[in-house]
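Take a look at the fold below.

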Amino acid sequence: MPVDPRSNSAYYSINRANAPWGQGVFARVQNYRLAMLLLLSCLTARAQTPTATLTGRVTDSSGASLPGAVIQVRNLNTNEARIGESSLEGDYTFAGLMPGTYEVTFESRGFKRARESVLELQIDQAARLDIALQPGDIIESVEVTAELPVLNSENAVKGDVITSQEIVEMPLDGRDFADLAFLVPGVSRRAQGGSGSAFAINGARGDNTNFVIDGFNDRNIRGAGVQVRPPIDAMQEFKMQVSNYPAEYGQLAGGVMNMVLKTGGNAFHGAVFEFLRNDRLDARKFFDESKSKLRRNQFGGTLYGPLVIPRLYNGRNRTFFLLAWESYRQVLGATRLGRVPTALEREGDFSRTVDVSGQALYLRDPLTPGACTAEDRTACFPENRIPASRLHPVAAKLIPYYPLENRPSAVNNYLVNANDSDRWDNFAVKLDQRFGNDNLSFRFLQRRNDLSNPFEGSDLGTFGILVSQAQTLTGF
């Protein structure tokens, strides 16, 4: 089982069959090895998990440093709390905080307790919260309303965070949250015909953008685009880093889309949705003879919260889950102009065939030496007619598969309106388990696509293609 050292995720496949007992034992041994490798993966993935940092200084009312102050940072979603003390200079730092909403409490003997009840920390944010404690009894409490600085004064990273509220409430065609990245300065669309992702960041090519989900590499090595797109309701937020990002996100000249999935908390949350578009109120396109078909359904649901099994297990404050599913079904009519062999041409008669400018064609006989031009027709078929004996039998069998002309035109004699049918299913599963001060998370994301294009083979709408693919990201 190969392990990708860049993403610390394990990719594996299990083929179930009626195997002998010995092979079953071998499979179990392999599963033990798999578990050990996944465990090692957990240990190496911790440093890459996208988190936030809270730092600051505790002082008294005169501005003097206050050492030994007790600071508690509590996640309001999972109730996870971390406690520390200010240094001799009054400084404190809490690193590795998961993005979310926190309550921060400051206590010191001889001073009133200060509390910031709602503090939002975002992905890869280095937030600074300085506090001045007021003299008084510790049982007295002072509510603090902190306004974190808009400018990042702790590091040189340039970028912007797209929050969960923006992802859910902004209008998005097809519910593709990645379109919101174009709101970040320095992000533009890649050059026409370019490869890789849709982004050209600060002038870099589209194949120089990196993608990260919860610290795992989500960049497709072959196509240089995103490997798996999480369901939009499973996303907590993402940060589009355009320059000066840390070395852990390096390796490419462009930017980094750093994504974070939601983590189930102590309260249950869920949503069910369906979005519908059709052609009921659409007008006919200018070049179409009739209104093209449009049927789009996008539906799914999300559920996350504590893992609770009645009478068996209560996972509040310890075990959390996230389940997300999103599906897409679309039938889109498209019109093309093309050219098919006429009834005479099917029999080898090109005497009435003309080119784009309306000039007669001259068919060269490959078995006759000489020239075939308007001045010298020595090697041309007589009267531009191919004898029936010279028609290849394979070509004669293929001709009936071509549709008949339906337009009175010598150039584009065939007009077709064909249906382009696309569908995909997107799934995300996440489990989080607390072990004291440590957290263990499991993620499984998969997207299955069935994409068609009726005009990929030709403009006739009868020689299209169908592509089926599955993209998976699994890891701890």
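**A strand and its partners**

Strands E3 (residues 52-60) and E6 (residues 91-97) pair in the antiparallel sense, over five bridges. This is a predicted model. Thr-55 marks the pairing: its bridge partner in E6 is Thr-93.

Thr-55 has a bridge partner in E9 as well, namely Arg-128. Strand E9 covers residues 126-128. The sense here is parallel, and three bridges link E9 to E3.

Next comes strand E10 (residues 131-133). E10 and E3 also run parallel, joined by three bridges. To find the spot, go to Thr-59, which stands opposite Ala-132 in E10.

How covered is E3 itself? Mostly: of its nine residues, seven are buried.

**The cysteine pair**

Now leave the strands. How many disulfides does a search of the whole structure find? The search finds one. Cys-372 and Cys-380 form this disulfide, with an S to S distance of 1.9 Å. A disulfide is a covalent bond between the sulfur atoms of two cysteines.

Which hand does the disulfide have? The torsion about the S-S bond of Cys-372 and Cys-380 is about 110°, so the disulfide is right-handed.

Are the two cysteines buried or exposed? The cut-off for buried is under 20% relative accessible area. Cys-372 has a relative accessible area of 16%, so Cys-372 is buried. Cys-380 comes to 10%, so Cys-380 is buried too.

How values were computed
Residues are numbered from 1 along each chain as its sequence is written. This is a predicted model: local features need pLDDT of at least 70, side-chain atom pairs count only at pLDDT 80 or more; totals for chains, interfaces and linings use all residues. Side-chain values use heavy atoms; hydrogens and water are left out. Buried means under 20% relative accessible area, exposed over 50%, partly exposed in between (1.4 Å probe, protein chains only). Helices (H or I, at least four residues) and strands (E, at least two) are DSSP runs, numbered from the N terminus. Two strands pair if DSSP finds at least two bridges between them. A disulfide is a pair of cysteine sulfur atoms within 2.5 Å.
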